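I opened this entry to keep track of what I looked up, one topic at a time. The structure goes in first, then my notes.

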Amino acid sequence: MAENNNPSAKTTEKLLDTAARVLAPLVRLLIARGVTFQMASELLKRVYVKAAQKHFVGDEAATGTQLSLLTGLNRKEIRRLTADELEEKQAIPMESYAAAVFTAWTTQRRWRDGDGVPKPLPRRTSGRQLSFDDLVRSVTTDHRPSAILDELTRLGFVKNNTEDQVVIEPKPYIYVGDVEDRLYAAGESTSDHLQAAFANVIMEKPNFFLNRYIYSDELSVDSANALHQRAREHWQRVRDDTMEQAIQAEARDLERGNPTKTRIRVGMYFYSETQDSE
């Protein structure tokens, strides 16, 4: 079903103001990485066309006229932009598999000790003892365990100890390696956060996604840092509980033969900024 694409005139100015605030951090990133307006403009045209095809025309065989009316681009541009619409599906990056393995290791009980700490794991299976290879195969068979180990090591989240076991480095799992790694993580989480926030504006039925925040603007830097740490601790508990519930739900759905094409992403964010004195 096509979405409502006729906002009232009085909301247009507010919509554009919202778009400017949403785009500002992205434009900052683009400028910082040498992406010019001309490059971004071409990309925005393609995004407009793809969004119109996916959400507003109801099928993939939209005419040039339909897409032109929806996007404001002329039909010649539409033909150029849709010439390569049969693009190949993008492969899932290796860091995504590494993240899934790390998550399983830190949240599933079978991979943690009695105190909830991820167990050191021997590299390969030996007898009945669980190994790192077993961990990887419990998550994916698309990549060799050695490849996943190399990726986690490259990202700086695991190492080998003196007993030739694979152990987790004592730091939170965030992308701190190459810029490309951090860009992938930022794009994935930010895209779904915006999808949830803006779906709540577009949807006509009251089936809103969770999208809440708190705000305080009279804090010292030290207080902000302490609250940031507190938020991290809360997130760790939410993450562990939600992931465990999700794994159990996946197993139940598979056992019952339920359709399993629905995905979720659960997130939490914290941002602080020191304001200029007036």
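Predicted model: local features only at pLDDT ≥ 70, side-chain atom pairs only at ≥ 80, totals over all residues.

Which residues of α5 are buried? I listed Glu-95, Tyr-97, Ala-98, Ala-99, Val-101, Phe-102, Thr-103, Ala-104, Trp-105, Thr-106 and Thr-107.

**Confidence and overall make-up**

I checked the confidence next. The protein chain averages a pLDDT of 85, and 88% of the residues score at least 70. Among the elements, α5 has the lowest mean pLDDT, 84, while strand β1 (residues 121-122) has the highest, 93.

I then went through the secondary structure and found nine helices and three strands. From the N terminus the order reads α-α-α-α-α-β-α-α-β-β-α-α. Of the 278 residues in the protein chain, 22% are buried. The accessible surface comes to about 21,400 Å², and carbon and sulfur atoms account for 54% of that. I also looked at contacts between residues at least 6 apart in sequence: 53% of them join residues at least 24 apart.

I compared the length of α5 with expectation. At 1.5 Å a residue its 14 residues should span 20 Å, and the end C-alpha atoms are 20 Å apart, so the two agree.

Which residues of the largest nonpolar core touch the most other members? The core has 18 residues, and the ones I wrote down are Trp-105, Phe-132, Leu-135, Ile-148 and Leu-152. At least two residues of this core come from each of α5 (94-107), α6 (132-139) and α7 (145-155). The largest share is that of α5, with six residues.

I took Ile-148 as an example. Beyond its neighbours within four places in sequence, Ile-148 is in contact with Met-94, Tyr-97, Ala-98, Val-101, Phe-132, Val-136 and His-143. Apart from this core lies another, of eight residues, including Val-49, Leu-73, Ile-78 and Leu-81.

**Aromatic pairs**

How many aromatic pairs does a search of the whole structure find? It finds two. I looked at one of them, the pair of Phe-102 and Phe-157, which is edge-to-face with 6.1 Å centre to centre and 65° between the planes. Phe-102 sits in helix α5 and Phe-157 in the loop between α7 and β2 (158-160), so I noted that the pair links distant parts of the chain, 55 residues apart. Both Phe-102 and Phe-157 are buried.

**Helix α9**

I repeated the length check on helix α9 (residues 221-256). Its 36 residues should span 52 Å at 1.5 Å a residue, and the end C-alpha atoms lie 51 Å apart, which agrees. Buried in α9 are Ala-224, Ala-231, Arg-239, Asp-240 and Glu-244. Which helix do the buried residues of α9 pack against? They pack against α5. After α9 comes Gly-257, with a positive phi near 75°.

**Asp-192**

Is Asp-192 buried or exposed? Its relative accessible area is 15%, under the 20% cut-off, so I count Asp-192 as buried. This residue lies in helix α8 (residues 179-202). Leaving out neighbours within four places in sequence, I found Asp-192 in contact with Arg-263 and Arg-265.

**Asp-164**

I checked backbone angles as well. Most residues other than glycine have a negative phi. Asp-164 has a positive one, near 60°. Asp-164 is in the loop between β2 and β3 (165-168). With a relative accessible area of 51%, Asp-164 is exposed, because the cut-off is over 50%.

**Leu-30**

Which residues does Leu-30 contact, leaving aside its neighbours within four places in sequence? I found Val-35 and Ala-40. Leu-30 and Ala-40 are ten residues apart in sequence, and their C-alpha atoms are 8.2 Å apart in space.

Definitions and conventions:
Residues numbered from 1 in each chain as written. Heavy atoms only, no water. Core = buried A, V, L, I, M, F, W, Y, C linked by side-chain atoms within 4.5 Å. Buried < 20%, exposed > 50% of the residue type's maximum accessible area, 1.4 Å probe, protein only. Helix = DSSP H or I, 4+ residues; strand = E, 2+ residues; numbered from the N terminus. Contact = heavy atoms within 4.5 Å. Phe/Tyr/Trp six-rings, centres within 6.5 Å; stacked < 30°, edge-to-face > 60°. pLDDT = per-residue confidence, 0-100. Areas by Shrake-Rupley, 256 points an atom, 1.4 Å probe, with all protein chains shown as cover. Expected span 1.5 Å × (residues − 1).
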